Structures are given as structure tokens and as C-alpha cells.
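Subject: Structure handover

Hello,

Here is the structure for you to look through. My notes on it follow below.

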Amino acid sequence: MNIIYIYIICVYIDFKQAFDSVNRSRMLNDLMLLGIPNKLTQLVGVNMAGSRATVRVDNQYTPTFPITNGVRQGDALSYIIFDLILEAIIRKLNNTGRIGTKSTQIFAYADDVAILSRNKNALKDALGNTESAARERGLIINENKTKYMEATRTAVNGNHLQRREYEFERVKELSYLGSQLNQINSTNCEIKARIISGNRCYYSCGALMK
């Protein structure tokens, strides 16, 4: 029986201060393009208009200043709006389908975006297009926290991924959305991490159980 080795290249993108950097004008435009009713779009704009803040330093407050970018922190609506902005970015890239039939696939959850590809050049193109579309909306990729990994059962000796002015660190394993991922796609480290987490939870509740 022939063994087929699958080679998947992954980039896990992190944005700098994502919720604070969103361009509000572009955000409202994206909501309309996604088919959100005009009345709801206007209500979102009114809800964010006139935002002001102050900073407390040693129990002293600075003068208030206007906030013109970003979504409102702590507002339940903010997470939905941010997801819609990512939806607008991904739709623009037209990456429908699945990795088995396409060379590149993009996944997004909250402000975490992952690009998977079977070809390094295709990955770089998708990464560049994502970066450009995100920058138009005020989102800047965090170079230090964005990671690059090559997932395969065969030995791989690669360098960091370079794209335009960015250089993303190549890693063999990382924690992503609460799961332990590694380049050989082994579940052993994930199982061990969950056992350790369960033990910590058990012993932290020991006093209650006794």
C-alpha cells in the first residue's frame, strides 16, 4: 500500500490591537456591502459616534479625548461587527471550498485568522492579499505574534517565512484557540495538555470537594 504524505503550510495571523484599530468608515461600508439593512447600519454608526475616553493615572484623570477608530470595548455588538469585518475581508479573497480541492484555504474565528495552503507561493499570495485587505480596514498584522508552520510527517528543514516587509517565525508547535498544534500533526501533546489542565482544575477545587 502506498503512503501519501500530506504537506500543509500554515500561517496563524495575529492583528495588533485589532478591536481598537478598525476604521469605522470602512466598517460601515462593509456592513452595507454584506447586506446589513441600512437602518441597522445607521444605528451602529450612531452607537459609536461621539465616543470619548479618559485615562486615570495615580487616581488623577486626564482630559477627555475623542475615539474615532475601533469598536467599543465590552460591547456585545462589537464582536459581531468585528466578525463581519473579517467576513468582508475573506469574501473579497474568494477562498471558498476546502483545502482538499483548492491550494489555499482561510479560516477565521473572532480576531484569529489562519491561512492553510499546499503551495508556498500560493500561501504568500493569499497572505499578501489578506494583509492588504486588512490594512484597508485599519488592521495591521502583528509580526511578532504571527507564526508560520509546515505540517508534514516527513522531515522539514525550513526558514522563517518572508513576505514584503514581514518575517514570520517558523515554529514546530504552538497553542491555537486552546489546542496544541504541531508540525507532525500528532495528538499526543494535545492529550497531555488536556490531562494536565484537568488535573490542575481538580486540585484547585480540592477544598470544595472535601
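First, a term you will need: two residues are in contact when heavy atoms of theirs lie within 4.5 Å. Keep in mind that this is a predicted model.

Start with F15. It touches L86, D111, V113, A134, L139, I140, I141 and N142, leaving out residues up to four places away in sequence.

F15 also belongs to the largest nonpolar core, which has 32 residues. Along with I13, M27, L127 and L139, F15 is among those with the most contacts inside this core. Several elements give two or more residues to the core, including β1 (8–13), α2 (24–33), β7 (112–117) and α5 (120–136). Which element gives the largest share? That is α4, with six residues. There is also a second, separate core of ten residues. Among them are L116, M149, L174 and Y176. As background, nonpolar side chains in soluble globular proteins tend to be buried together.

Now the whole chain. It has seven helices and twelve strands. Of its 210 residues, 34% count as buried. Its radius of gyration is 21 Å, while a compact globule of 210 residues would have one near 17 Å. The C-alpha atoms fill a box of roughly 65 × 55 × 35 Å along the principal axes. Take the contacts with a separation of 6 or more: 60% of them join residues 24 or more positions apart.

Last, the surface and the charges. The chain exposes about 13,600 Å², and carbon and sulfur atoms supply 52% of that. It carries 27 positive and 19 negative side chains. The centres of these two sets lie 3 Å apart.

Best wishes

Terms used:
Residues numbered from 1 in each chain as written. Predicted model: local features only at pLDDT ≥ 70, side-chain atom pairs only at ≥ 80, totals over all residues. Heavy atoms only, no water. Helix = DSSP H or I, 4+ residues; strand = E, 2+ residues; numbered from the N terminus. Rg over C-alpha atoms; globule rule 2.2 N^0.38 Å. Buried < 20%, exposed > 50% of the residue type's maximum accessible area, 1.4 Å probe, protein only. Areas by Shrake-Rupley, 256 points an atom, 1.4 Å probe, with all protein chains shown as cover. Lys, Arg positive; Asp, Glu negative; His and termini not counted. Charge placed at Lys NZ, Arg CZ, Asp CG, Glu CD. Core = buried A, V, L, I, M, F, W, Y, C linked by side-chain atoms within 4.5 Å.
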